[in-house]
Amino acid sequence: MSATTEPTVLITGLALGESPRWYDGRLYFSDMGTSELRATNENDITTTELIAAIPTMPMGTGWLPEPDGRLLIVSSRDAKLLRREPDGTLVTHADLAVLSKFPWSDMVVDGRGNAYTGSIGFDFPFGEPATGIVALITPDGTATQQADGIEFSNGMAVTPDNRTLIVAESYGQRLTAFDIAGDGGLSGRRVWADLGDGVPDGICVDTDGAVWYADVPNQHVVRVAEGGEVLQTVKLDRGAFACVLGGPDRQTLYIVAAEFNGAASMAPDAPRTGQLLAVPAPAPGAGWP
């Protein structure tokens, strides 16, 4: 089934949007190109405010469960997981450099406060490609490696029962699943979906158990079932970096997209082609993010 609805453009002039998250009535997203974490206005999703400046490039975000509710942010290039305190200050929640000094990517925080994030394993976009790792960071800030051999760790999602982590392997062109133990540890690694020529970036899960994945080189977002059956495709005119199901009923797919030409697109003076888009989804969001 192919989408016929044209996405609505909500915001233009972004640099390189990443890791959109719907939380407490607002849409949050990282802008890698401006080193900012921003959130939409509660009453107007077309305007944003600065939540935090992360000079070493913000990536994945998530929140510790209520009543704590503090925000966690991956600071990619200095290999830290930051925590935003109630007064707005940023402190180190976990030093990820003990596991990998290479850039860290997307992250998901599950319903128990366990955070999962991946190091891509090389200095993208300049270094020679290599495999990376997936790490678990428990609520007290303890970081442990849980998997290796990941072919460009990217988007992550946790199913609503807190029992399965799904990881997008961009260079592996697949979604990989792990069983989550009671202590947060990972096991049972398996291919959740072989995507053929798909290059998955950010991902999210819906109530039907399907996964939406964003795809930069193929310029679309795709909804797939476990096993890889394509259920829906939304075509764009630029690369799709990440997506999330949000809105009051969690049935709007929000997409961050931009034109991407490798290192040139990441330069400080690169044209700001980034957009935030929205399209209705057939099923509400579930689990995390």
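User: What does contact mean here?
Analyst: Contact means heavy atoms within 4.5 Å. This is a predicted model: local features need pLDDT of at least 70, side-chain atom pairs count only at pLDDT 80 or more, and totals for chains, interfaces and linings use all residues. Residues are numbered from 1 along each chain as its sequence is written, and side-chain values use heavy atoms, with hydrogens and water left out.

User: OK. What share of the contacts with a separation of 6 or more is between residues 24 or more positions apart?
Analyst: In the protein chain, that share is 46%.

User: How many helices and strands are there?
Analyst: Zero helices and 25 strands. Helices (H or I, at least four residues) and strands (E, at least two) are DSSP runs, numbered from the N terminus.

User: And why call the chain as compact as a globular protein of that length?
Analyst: Its radius of gyration is 17 Å, close to the 19 Å from the globule rule for 289 residues, so the chain is that compact. The radius is taken over C-alpha atoms, and the rule is 2.2 Å times the number of residues to the power 0.38. The C-alpha trace spans about 45 × 40 × 40 Å along its principal axes.

User: What percentage of the residues is buried?
Analyst: 58% of the 289 residues. Buried means under 20% relative accessible area, exposed over 50%, partly exposed in between (1.4 Å probe, protein chains only).

User: New topic. Which strands make the open sheet?
Analyst: Four of them, in the order β1-β24-β23-β22, with antiparallel pairing. The edge strands are β1 (8-14) and β22 (239-246), and each pairs on one side only. Two strands pair if DSSP finds at least two bridges between them.

User: How many bridges join β23 and β24?
Analyst: Six, between residues 252-258 of β23 and residues 274-280 of β24. Ala257 stands opposite Gln275 in β24.

User: What holds paired strands in general?
Analyst: Strands of a sheet pair through backbone hydrogen bonds, either parallel or antiparallel.
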